[in-house]
Amino acid sequence: SSFAEKLDPAALTSLLNEYLSDMTDIILEEGGYLDKYIGDAIVAYWNAPLPQPDHAIRACRAVLRCRRRLAEKREAYRRRAGVELKARIGIHTGEVTVGNMGSRDRFNYTVLGDAANLASRLEGANKTYLTHILISEFTYEKVKDQFLCMEMDSVRVKGKTRPVSIYQLVGRKEASASHAETIRYFHQGLHFYKEQKWDKALEAFKTVSAMDRGLYAAQLYMER
């Protein structure tokens, strides 16, 4: 909405088509299946219609590439739209029903189920922590050996009764070593927070905030 009102329909269509093309190309290169576009949002999944044992890794690799591509073209997009284009991403791993969904006359090959809903909820949860990529604990267990992740919180999303641990996907391990110390102190603060050792938690989060002022989650926990 922030940039749609600044562009005429033809210019908006051109910008959106270029953005969606850039992101979709990467998803397809990583073996993802493009489900649908919802406005400027992209819905995609892996491991169907053909099995992919490394589907969670493929998904994480794809979204990190999408983030890099968006950063590379951010200035060009800014010149055209007048605002900075940002993207939020949610990834969850779970069982869904895959197949033709719709009416008797018109239908789409798509996914349906609680796991798909949770992925969407994680995309929206980025707003709370000012993050860009959030993954569920179920995805984390499948990718933790290859990607550096930061545990952010345990949340109970709408429609769920059991809290789900969520993680920020930081990057490939070999390329994100500089973040390791910040993550170590943040996890330390999170541990003390869960133990209700407030003074120790506050001290750890203050250290994190001093190390990385861009990490809003540390400020969020200090306010809590």
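In strand 8, G171 is the bridge partner of L148. Strand 8 covers residues 164–172; helices (H or I, at least four residues) and strands (E, at least two) are DSSP runs, numbered from the N terminus. The model is predicted: local features need pLDDT of at least 70, side-chain atom pairs count only at pLDDT 80 or more, and totals for chains, interfaces and linings use all residues. Residues are numbered from 1 along each chain as its sequence is written, and side-chain values use heavy atoms, with hydrogens and water left out.

**Strand 8 and its partners**

Two strands pair if DSSP finds at least two bridges between them. Strand 7 (residues 147–155) is antiparallel to strand 8, with 8 bridges between them. Strand 6 (residues 133–136) also runs antiparallel to strand 8, joined to it by 3 bridges. Here I135 has Y167 of strand 8 as its bridge partner. Because 7 of its 9 residues are buried, strand 8 is largely enclosed by the rest of the structure. Buried means under 20% relative accessible area, exposed over 50%, and partly exposed in between (1.4 Å probe, protein chains only). In a regular strand the side chains alternate between the two faces of the sheet.

**Aromatic pairs**

There are 9 aromatic pairs in the structure. Rings of Phe, Tyr and Trp (its six-membered ring) pair if their centres lie within 6.5 Å; planes under 30 degrees apart count as stacked, over 60 as edge-to-face and the rest as tilted. The table gives two of the pairs.

| Pair | Centre to centre | Angle between planes | Class |
|---|---|---|---|
| Y19 and Y77 | 6.4 Å | 75° | edge-to-face |
| F186 and F205 | 5.4 Å | 65° | edge-to-face |

Y19 belongs to helix 1 (residues 9–29) and Y77 to helix 3 (residues 74–81), so this pair ties together parts that are 58 residues apart in sequence. Both Y19 and Y77 are buried.

The pair of F186 and F205 links helix 6 (residues 180–194), which holds F186, to helix 7 (residues 198–211), which holds F205; the two residues are 19 residues apart. F186 has a relative accessible area of 0% and is therefore buried. F205 is also buried, at 1% relative accessibility. F186 and F205 belong to one aromatic cluster with Y193, W198 and Y221.

**Charges over rings**

A charge sits over a ring if NZ of Lys or CZ of Arg is within 6 Å of the ring centre and within 35 degrees of the ring normal. The charged end of R224 lies over the ring of Y221, 4.8 Å from its centre. R184 is placed over the face of Y185, 4.7 Å from the ring centre.
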